[in-house]
Amino acid sequence: MRLGVLDVGSNTVHLLVVDAHRGAHPTPMHSEKTVLRLVERIDEGGELDKKAADELVLAVAEARDAAGRLGCEELMSFATSAIRDAVNADEVLQRVVDETGVELRVLTGEQEAELTFLAVRRWFGWSAGRLLVLDIGGGSLEVAMGVDEEPELAESLPLGAGRITRTRFENDPPTRSEVVSTTAWLEDQLGELADHVVSVGVPDRVVATSKTFRSLARLTGAAPSSAGPRVSRVLTHAGLRQLIAFISRMSSDDLAQLEGVSPSRAHQLVAGALVAESTMRALSLESLEICPWALREGVILQRLDHSDGTEQTALLTGRRRHA
């Protein structure tokens, strides 16, 4: 079947179209993105501003039309951190339904972590043993760990690259004091997470997903995307520390010129790197592998596993699988 996944994230509205069936590898057929940076467009009162909501409605309508033209039998639509955190989320979501007919299900941070973990587990298989999975988005950091397809630990922290850029940096590039104070603040924020991970056990394999980690790995010498998804890519803590010393002195315009850095995300790169480095340090990680599958693939796999859609609906509406 042909499935569409519409991901309203903190940075982009991303439509992914795949051909897949249960037991098969989902084959990407089409991908398109609209950059909205919703996480950076929440005002001091916690509301998503009207212009951002207008643009979101338009982007969803365009994605809906594209999915129809491409022959999608089903469009699975969800929203993550930026919508989840907006105090006017219900109003914005109702506008989307009224004007596009598309219902966006808002995932909790824990659900994001669970679905991303499922995708990584399927990519690496059972031989990976106990997996520790990290994912840095625009609004949040997701961490999951376990030996099965449902993780024993699934947590989300408001430490996304876009959020940190907006709340911690006033300069471009950030000043030395901003970098130092943010690093110290992140160390404090990640203290409890380290305790939680240790309580679950020692990972056999540590994996990272998301554009932020892929960009950081590329900048430290990993293979480019043109080499294909199955090429092994690794990010080391030592390499990341060296990279931060370099990129923290560069403006976002200069960062956008680097190979592997998306111009739309260049301004968030330093914050993302600090979150990645602080997380690796807090969890005593010397290196991690990069996985090409993440949240969207997790949604697809969940849907394929339960062809009647029952479990997918339960997960996206907040009811746990074991409920």
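**Exercise 1. Describe the lining of the largest cavity by residue class.**

Step 1. The lining of the largest cavity has 3 nonpolar, 4 polar and 2 charged residues. Ala, Val, Leu, Ile, Met, Phe, Trp, Tyr, Cys and Pro count as nonpolar, Asp, Glu, Lys and Arg as charged, and the others, Gly among them, as polar.

Step 2. The model is predicted: local features need pLDDT of at least 70, side-chain atom pairs count only at pLDDT 80 or more, and totals for chains, interfaces and linings use all residues. Residues are numbered from 1 along each chain as its sequence is written, and side-chain values use heavy atoms, with hydrogens and water left out.

Step 3. Ala 161, Lys 211, Thr 212, Ser 215, Val 261, Ser 262, Arg 265, Gln 268 and Leu 269 line the largest cavity. On a 1 Å grid over the protein atoms alone, a cavity is a set of points where a 1.4 Å probe fits but cannot get out; a pocket is an open set with protein on both sides within 12 Å along at least five of seven lines; lining residues have an atom within 4 Å of a point.

Step 4. The largest cavity holds about 80 Å³ of space. A volume is the space filled by probe spheres set on the points, which are joined across faces, edges and corners.

Step 5. H8 gives the most to this lining, with 3 residues. Helices (H or I, at least four residues) and strands (E, at least two) are DSSP runs, numbered from the N terminus.

**Exercise 2. State how the axes of H8 and H11 cross, and which residues meet.**

Step 1. The axes of H8 (residues 211–219) and H11 come within 10 Å and cross at roughly 90°. Axes are lines fitted to C-alpha atoms, for helices over the stretch in contact, and angles run from 0 to 180 degrees between N-to-C directions.

Step 2. H8 is therefore roughly perpendicular to H11, a term for angles of 65 to 115 degrees.

Step 3. From H8, Thr 212, Phe 213, Ser 215, Leu 216 and Leu 219 meet Leu 269, Gly 272, Ala 273 and Ala 276 of H11. Contact means heavy atoms within 4.5 Å.

Step 4. By class, this contact has 6 nonpolar, 3 polar and no charged residues.

**Exercise 3. Give the volume and lining of the second largest pocket.**

Step 1. Its volume is about 240 Å³.

Step 2. The lining includes Arg 176, Val 179, Arg 241, Ile 244, Leu 274 and Glu 277.

Step 3. Helices H6 (176–189), H9 (237–247) and H11 (269–282) each give two or more residues. H6 gives the most, with 4 residues.

Notes
Angles under 35 degrees count as roughly parallel, over 145 as roughly antiparallel, 65 to 115 as roughly perpendicular and the rest as oblique.
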